[in-house]
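Please read this briefing alongside the sequence and the coordinates shown below.

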Amino acid sequence: MKKALIVNWNKSDEWSGGQETFFSYLSEILNAPQISFSSAAKALNVNLIRQGFDAVFRSRIIEDYLKEYEKIFPLDVIVKNSAIGGYFDLETPIVTVFQDPFDTISKILYFYGYFLESMEHYNACTDLQRKTGEKSACNVAVSKFMQAYMKKIDVKCHKVINEGVSMQKFRPLGKKKILRRKWGIPLDKKVGLSVIKFHPAKGWHILTRLIKEFKDVFWVVCFTEPAPNKAKSKNVRIIQMLPRSQMPEIYNLADFFVLPTCCESFGLSSLEAAACNIPVITQKTGVWWDFWNKRLGIRVKFWEYEPYREAVAKVLENEFSPRKVVEEQFSIQKCGDQWKKLINSV
């Protein structure tokens, strides 16, 4: 295996999210060290105050670090996040991973009347994606949706490698009642689960309406970032920033999973839920943009409340077998083999 270096904004022990999960996995299968902004800033003795457009400064600081790193530690390839760098011509070949549809999210939020400070971040990262795409030896999209999205902003993704899920870690545990007692969840209710952030793009407005309408359902809302500890509604339990090792338990105590986001590059949480044989409700985005099987659950057509409301009603009335679909299409072994083959070819 070639000597690789994995580069992302954060490591999994610094922040919890799909990006961190994905790059940690790459670090494992490629047997490659991983660096983040914090390690780069510490090495360069830089103290960056968080502010608007901080992505631009953090991106450049990381790439300054990479310039020095490759002088000391010989590398065959650098695998990095698509919004990091693009300023310099590094000696080491770059493989860039595109898994953030910043421009699409920004346009959707604008259309629905959300004018957020974070749009500065989205617009800056869109420009960075163009820069990194030009400097990269190979651009990899995590789904065909991301490949098509990047084409719209004039970035060619040479390959699509779908993310995968460990069928051993994420599996039916067969002890729903035990898990519900452990986590303080009612035994006599249908349980809906959502893994989400407190952000308009994540469909928080849709989820809150579902919670209010389906009062007979007990809702577990698992935040991947700091959020309020207590919910106002009696049929809600809030869980915050769990270690990834505990997520299989959370999926297994649920009866169905809802992903109400406007846009996803892939949709790893829905795939993990399906691997645990929990039916999913999701929009036609990410990996589910071009692939769907009715055994998975319900795929809604529009980012509106009514389609999600109808989907919840159908999931409560029908049986599904999503795990079989994940086994056939999205194993972690398949993903890993494709990445190893790509890295050895660079």
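**The start of the chain**

Leaving aside neighbours within four places in sequence, Lys3 is in contact with Pro74, Leu75, Asp76 and Val77. This is a predicted model, and the points that follow should be read as descriptions of that model.

- Lys3 is found in the segment before β1, the strand of residues 4-7, and with a relative accessibility of 54% Lys3 counts as exposed.
- Between Lys3 and Trp288 there are 285 residues of sequence separation, and their C-alpha atoms are 33 Å apart in space.

**The parallel sheet**

- An open sheet is formed by 6 strands with parallel pairing, in the order β9-β8-β7-β10-β11-β12.
- At its edges stand β9 (236-240) and β12 (297-300), each of which pairs on one side only, and from one strand to the next the twist averages 20°.
- Helix α8 (residues 204-213) packs on this sheet, where it touches β7 (190-196), β8, β9 and β10 (256-259), and its direction makes about 155° with that of β8.
- Helix α10 (residues 268-275) lies across β7, β10 and β11, and runs at about 170° to β10.
- Strands β7 and β8 run parallel and are joined by 7 bridges, with Lys190 standing opposite Val217 in β8.
- Strand β11 (residues 280-283) pairs with β12, also in the parallel sense, over 4 bridges, and within this pairing the bridge partner of Ile281 is Ile298 of β12.

- The largest nonpolar core holds 121 residues, of which Trp219, Ile281 and Trp339 touch the most other members.
- Strand β8 (residues 217-223) gives the most to this core, contributing 7 residues.
- Because 7 of the 7 residues of β8 are buried, the strand is largely enclosed by the rest of the structure.
- In a regular strand the side chains alternate between the two faces of the sheet.

**Helix α3 against helix α5**

- The axes of helix α3 (residues 54-72) and helix α5 (residues 118-135) come within 8 Å of each other and cross at roughly 35°.
- On the α3 side the contact is made by Ala55, Val56 and Ser59, and on the α5 side by His121, Ala124, Cys125 and Leu128.
- The residues of this contact of α3 with α5 divide into 5 nonpolar and 2 polar, with no charged residue among them.

**Salt bridges**

- A search of the whole structure finds 13 salt bridges, including the pairs described in the points below.
- Arg58 forms a salt bridge with Asp54, with the closest N and O atoms 3.3 Å apart; the two residues are 4 residues apart in helix α3 and so are separated by about one helical turn.
- Both partners of that pair are buried, Arg58 at 8% relative accessibility and Asp54 at 7%.
- The side chains of Glu68 and Lys71 also meet in a salt bridge, at 3.5 Å from N to O, and both residues lie in helix α3, where they are 3 residues apart, about one turn of the helix.
- In this second pair Glu68 counts as partly exposed, at 36% relative accessibility, whereas Lys71 is exposed, with a relative accessible area of 63%.
- Glu328 forms a salt bridge with Arg295, with the closest N and O atoms 3.2 Å apart.
- Because Glu328 lies in helix α12 (residues 322-329) and Arg295 in the loop between β11 and β12, the pair ties together parts that are 33 residues apart in sequence.
- Arg295 counts as partly exposed, at 27% relative accessibility.

Technical notes
Residues are numbered from 1 along each chain as its sequence is written. This is a predicted model: local features need pLDDT of at least 70, side-chain atom pairs count only at pLDDT 80 or more; totals for chains, interfaces and linings use all residues. Side-chain values use heavy atoms; hydrogens and water are left out. Axes are lines fitted to C-alpha atoms, for helices over the stretch in contact, and angles run from 0 to 180 degrees between N-to-C directions. Contact means heavy atoms within 4.5 Å. Ala, Val, Leu, Ile, Met, Phe, Trp, Tyr, Cys and Pro count as nonpolar, Asp, Glu, Lys and Arg as charged, and the others, Gly among them, as polar. A nonpolar core is a set of buried Ala, Val, Leu, Ile, Met, Phe, Trp, Tyr and Cys residues joined through side-chain atoms within 4.5 Å. Buried means under 20% relative accessible area, exposed over 50%, partly exposed in between (1.4 Å probe, protein chains only). Two strands pair if DSSP finds at least two bridges between them. A salt bridge is a side-chain nitrogen of Lys or Arg within 4 Å of a carboxyl oxygen of Asp or Glu.
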